[in-house]
Amino acid sequence: TILSNQGAHVTLVSDGKEALEKLKKEPYDLVVTDMQIPKITGGELVAFMKENNISCPVLIVSATPTQLKYQVPTFLKPFKEHDFVSKVAEVLQINVEAGALIQETHVSLEEDQKTFIEMYIKELKEALEGDENQSKQVHEVNHKLIPFLIYHKHEIMVPRLKQLETLIELNAEETRIDAFANQILAELEMLSH
C-alpha cells in the first residue's frame with residue numbers, strides 16, 4: 001500500500017515459492033522481501049536469484065540485522081513510511097527531493113484493513129487446520145499479522161496470538177486450542193467489519 005500510493009506498480013505474492021515462479025517468468029525492478037517468509041526464507045530467495053543470474057535489486061526487511069551469503073540492502077523494522085520510501089528510492093537509484101516524498105498512508109491503510117484482516121484470518125484458519133508443522137505455520141502467520149496489528153493500534157491482541165502459539169507448542173488439549181483459536185478468529189473478524 002505504501003509503495004502503491006507513491007505510484008509504484010506492485011505485485012504481491014503469498015510466499016517465497018510463488019515469488020520464485022514470478023521471477024522466473026518476468027523481470028521486476030525490485031524485490032522487497034521479509035527474511036521470514038513462508039516456504040523459503042528471504043535469504044534462500046536471494047541465493048536462488050543470484051545463483052540463477054536473475055538481475056534484480058533486492059531489499060530485505062527484517063526485525064534484526066542479517067548476515068547473508070550474498071550482500072543485499074537490509075531495512076530494519078519497525079519503520080516510518082517516509083524512511084522506507086527513501087530506502088526504496090536509494091536502492092533503485094532514484095533521486096527524490098526532500099519533502100516531496102510521501103504523505104502518510106494511514107487513511108488508505110484503514111481502507112485496506114478489512115482486506116488484510118480477511119487474508120490473515122484465512123491464513124490462520126488454514127494453519128490451524130494443518131496437521132504437519134502446525135506450530136510453525138501458526139508462527140509464520142503471526143509473524144505477518146502481529147506487525148499489522150501493532151501498526152493499526154490493535155496490539156492488545158498480540159499476547160493472545162503468542163499464547164495460541166504456546167498452547168500448540170505445548171500440545172495442549174485440542175478442544176482448548178480450538179476454543180482459544182475460535183475466540184481469536186472471532187476478534188479478528190470483528191476488526192474486519
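## Basis of the model

Helices and strands are DSSP runs: helices are H or I with at least four residues, strands are E with at least two, and both are numbered from the N terminus. This is a predicted model: local features need pLDDT of at least 70, side-chain atom pairs count only at pLDDT 80 or more, and totals for chains, interfaces and linings use all residues. Residues are numbered from 1 along each chain as its sequence is written, and side-chain values use heavy atoms, with hydrogens and water left out.

## Overall layout

The chain holds 7 helices and 3 strands. Along the sequence they follow the pattern α-β-α-β-β-α-α-α-α-α.

The chain has 193 residues, and 38% of them count as buried. Buried means under 20% relative accessible area, exposed means over 50%, and partly exposed lies in between (1.4 Å probe, protein chains only). Contact means heavy atoms within 4.5 Å. Among contacts in the chain with a separation of 6 or more, 53% come from residues 24 or more positions apart.

## The sheet

Three strands form an open sheet in the order β1-β2-β3, and the pairing is parallel. The edge strands are β1 and β3 (74–76), each pairing on one side only. From one strand to the next, the twist averages 25°. Strands of a sheet pair through backbone hydrogen bonds, either parallel or antiparallel. Here two strands count as paired if DSSP finds at least two bridges between them. β1 and β2 are joined in the parallel sense by 4 bridges. V32 has L59 of β2 as its bridge partner. D34 stands opposite V61 in β2.

How many of the residues of β2 are buried? The count is 5 of the 5, so β2 is largely enclosed by the rest of the structure. In a regular strand the side chains alternate between the two faces of the sheet. In β2, V58, I60 and S62 point one way, L59 and V61 point the other way, and all are buried.

Axes are lines fitted to C-alpha atoms, for helices over the stretch in contact, and angles run from 0 to 180 degrees between N-to-C directions.

Helix α2 covers residues 42–51. G42, G43, L45, V46, A47 and M49 are its buried residues. Their cover includes α1 (16–25), β1 (31–34) and β2 (58–62).

Two packed helices are described by the angle between their axes and the distance between the axes. Helix α5 (residues 134–151) packs with α6 at about 175°, and their axes are 10 Å apart. That makes α5 roughly antiparallel to α6. Angles under 35 degrees count as roughly parallel, over 145 as roughly antiparallel, 65 to 115 as roughly perpendicular and the rest as oblique. From α5, the contact involves Q134, S135, V138, H139, N142, L145, I146, L149 and I150. They meet V158, L161, K162, L164, E165, I168 and E169 of α6. These residues divide into 9 nonpolar, 4 polar and 3 charged. Nonpolar covers Ala, Val, Leu, Ile, Met, Phe, Trp, Tyr, Cys and Pro; charged covers Asp, Glu, Lys and Arg; the others, Gly among them, are polar.

How are α6 and α7 turned, parallel or antiparallel? The axes of α6 (residues 158–169) and α7 (residues 174–191) come within 10 Å and cross at roughly 160°. The two helices are therefore roughly antiparallel to each other. Their crossing is left-handed. That term applies if the near helix is turned anticlockwise from the far one by less than a right angle; clockwise is right-handed. α6 contributes R160, L161, Q163, L164, L167 and I168 to the contact. α7 contributes R176, I177, F180, A181, Q183, I184 and E187. This contact has 8 nonpolar, 2 polar and 3 charged residues.

## Positive phi values

N53 follows α2 and has a positive phi, near 55°. Q93 is a residue other than glycine with a positive phi, near 60°. Q93 lies in the loop between α3 and α4 (106–129). Its relative accessibility is 74%, so Q93 counts as exposed.

N171, also other than glycine, has a positive phi near 50°. N171 sits in the loop between α6 and α7. Is N171 buried or exposed? N171 is exposed, with a relative accessible area of 67%.
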